[in-house]
Amino acid sequence: MKTAFRTSLHALLLLSGLAASTLSQAADAPGGKLVIYTSQAPEIAQQTIDAFKAAYPGVEVEWTRNGTTQLMNVLHTEMMSGQVKPDVLLVADAINLGALKKEGQLYPYLTAPVSHLKPAYYDADKTFFGTKIIATVIAYNTQRAKPVSSWKALAVAENRGQIAVPSPLYSGAALYKLHTDINTPSIGWQFYQQLAAIGIAPQGGNGPALKAVASGMDKYGVITDADIIRAKKQGSPIDLVYPLEGVSYVTEPVAIMKSVHNLPAAKAFVDFMLSEAGQQLVAKQGNRPVDARVAAPEGFAPIDQIKLLTPDVAKAVADDAQVRETFTELFGG
């Protein structure tokens with residue numbers, strides 16, 4: 001009888017201990033509201049938020065989606081008024097985040113889980129962290145055009161008015177490409193001068209450019225590889241080429257604002273995006289993860305077969321105003 005009592009007591013204490021541990025973990029888990037500004041496509045952003053909420057059910061997420069440049073304009077207006085809303089940014093490129101870092105607007109998350117990432121994919125001071133590798137390549141409509149192997153071969157007279165190009169005044173990936181190109185001797189401003197000479201007018205983001213090529217309205221496009229691969233898998237008559245001169249790439253970095261309202265939830269979001277589960281989500285969404293432990297989806301060229309062009313982010317931040325001005329003079333506002 002005493003043995004049975006002791007066993008029951010031991011079991012009760014064990015269950016009590018487990019319950020206390022569970023309650024303690026629940027108490028430590030982040031909660032409250034988390035505000036995110038993102039440039040992800042709406043359906044991709046919704047998937048990202050849903051996956052994060054499944055991992056952290058105590059967090060209520062409020063998110064706003066727009067092109068990176070538009071989000072930066074909104075953010076700067078908020079900063080001037082002293083009412084910055086987002087806790088976290090998840091946007092296309094490191095140039096805009098580099099500018100915010102220079103202004104002292106980003107929170108240095110020194111204990112972020114980056115041991116499995118290449119240093120090239122995150123800021124050395126740990127104020128922003130890449131989440132995927134998105135290269136900007138040449139897209140072509142397989143029913144209307146033949147593949148071309150270089151940027152130079154794209155910007156020729158026979159393609160007058162038939163190339164869809166996102167605007168760096170709207171798209172973060174396009175801005176990153178512009179800064180990368182003009183500092184790559186084999187491409188340079190000459191490429192953009194050639195585009196202007198054949199009546200190309202960069203506008204909007206990658207989405208409209210993709211639709212223009214997939215529909216056959218344009219023969220070619222300067223579009224991110226993941227978007228093209230997804231459209232191809234869905235049956236669109238579109239394919240891609242990684243040009244010989246090399247390609248720019250963005251890492252869609254995530255960053256915490258210095259004015260963060262909910263730091264535990266913001267850190268949890270960064271942790272999730274860099275975790276194996278977060279990187280598996282990136283692959284499931286049709287993108288190339290930054291974590292080499294997680295395979296890229298079918299259709300992506302092996303990373304070691306692509307010439308990735310990496311700009312000097314600090315230089316890009318310093319030159320950005322002048323570069324935008326030169327671009328606007330070349331193509332109009």
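1. The count of cavities of 30 Å³ or more in this structure comes to one. The structure is a predicted model, and what follows should be read with that in mind.

2. The largest cavity holds about 100 Å³ of space. Its lining is made up of 13 residues. Val165, Pro166, Ala174, Lys177 and Val222 are the lining residues that lie nearest the centre of the cavity.

3. What kinds of residue line the largest cavity? Nine are nonpolar, three are polar and one is charged. Lysine counts as charged, so the one charged residue of the lining is Lys177, which is among those nearest the centre.

4. Helix α6, which covers residues 172-182, gives the most to the lining of the largest cavity. The helix supplies three residues to the lining.

5. The protein chain is divided into two parts, each built from two segments: domain 1 takes 32-131 and 251-300, while domain 2 takes 134-249 and 320-331. The C-alpha centres of domain 1 and domain 2 are 25 Å apart.

6. How many residues of each domain are in contact with the other? Domain 1 has 22 residues in contact with 19 residues of domain 2.

7. The size of an interface is often given as the accessible area lost when the parts come together. Between domain 1 and domain 2, about 1500 Å² is buried, and carbon and sulfur atoms give 57% of this area. On the side of domain 1, Thr69, Ile95 and Phe300 supply 32% of the area buried against domain 2, more than any other three residues.

8. The count of salt bridges between domain 1 and domain 2 is zero.

Technical notes: Residues are numbered from 1 along each chain as its sequence is written. This is a predicted model: local features need pLDDT of at least 70, side-chain atom pairs count only at pLDDT 80 or more; totals for chains, interfaces and linings use all residues. Side-chain values use heavy atoms; hydrogens and water are left out. On a 1 Å grid over the protein atoms alone, a cavity is a set of points where a 1.4 Å probe fits but cannot get out, and a pocket is an open set with protein on both sides within 12 Å along at least five of seven lines; lining residues have an atom within 4 Å of a point. Grid points are joined across faces, edges and corners, and a volume is the space filled by probe spheres set on the points. Helices (H or I, at least four residues) and strands (E, at least two) are DSSP runs, numbered from the N terminus. Domain bounds come from an automatic or database domain assignment. Contact means heavy atoms within 4.5 Å. Buried area is the accessible area (1.4 Å probe) that two parts lose on being put together, summed over both. A salt bridge is a side-chain nitrogen of Lys or Arg within 4 Å of a carboxyl oxygen of Asp or Glu.
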